[in-house]
Amino acid sequence: MAPPARRTHYEVLGVGVGASRGEIKAAYRRLARDVHPDAAGAGGDEGFIRLHAAYATLADPDERARYDQDVASRAAVITTRRAAGPAFRRRTWETDQCW
């Protein structure tokens, strides 16, 4: 099974980037009822840990500012890499021959 795609804290909580602190708290409380290990069983541990980490980061204004800056810088790096093209040479039938 392939690992899940990396999601932002905003996506984990299901809120927009401009969400208020109250909206973040409400989303956390709503989702925590579904993914808490007591409600979801043994499989809920990972989901609740991810949910709590997202809430802890976005509920603190200083941590949220650092997180937003980090996400923006990662997006800029990805955009730059895509614009530069692939960092490897495309393989062809001729380069695969061992003779």
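Predicted model: local features only at pLDDT ≥ 70, side-chain atom pairs only at ≥ 80, totals over all residues.
Local features require pLDDT of at least 70 and side-chain atom pairs pLDDT 80 or more, while totals for chains, interfaces and linings use all residues, and side-chain values rest on heavy atoms, without hydrogens and water.

Side chains of opposite charge can pair when their charged atoms come close. With a salt bridge defined as a side-chain nitrogen of Lys or Arg within 4 Å of a carboxyl oxygen of Asp or Glu, three salt bridges are counted.

Aspartate 70 takes part in one of these, with arginine 74, at an N to O distance of 3.1 Å. Both residues belong to helix α5 and lie four residues apart, about one turn of the helix; helices are DSSP runs (H or I, at least four residues) numbered from the N terminus. Arginine 74 is partly exposed, at 31% relative accessible area.

Helix α5 (residues 61-84) also holds arginine 66 and glutamate 63, three residues apart and thus separated by about one helical turn. Their side chains form a salt bridge at 2.6 Å, N to O, and glutamate 63 is partly exposed at 32% relative accessibility.

In helix α4 (residues 45-59), glutamate 46 and arginine 50 are separated by about one helical turn because they are four residues apart. A salt bridge joins their side chains at 3.5 Å, N to O. Arginine 50 is partly exposed, with a relative accessible area of 36%.

Notes: Residues numbered from 1 in each chain as written. Helix = DSSP H or I, 4+ residues; strand = E, 2+ residues; numbered from the N terminus. Buried < 20%, exposed > 50% of the residue type's maximum accessible area, 1.4 Å probe, protein only.
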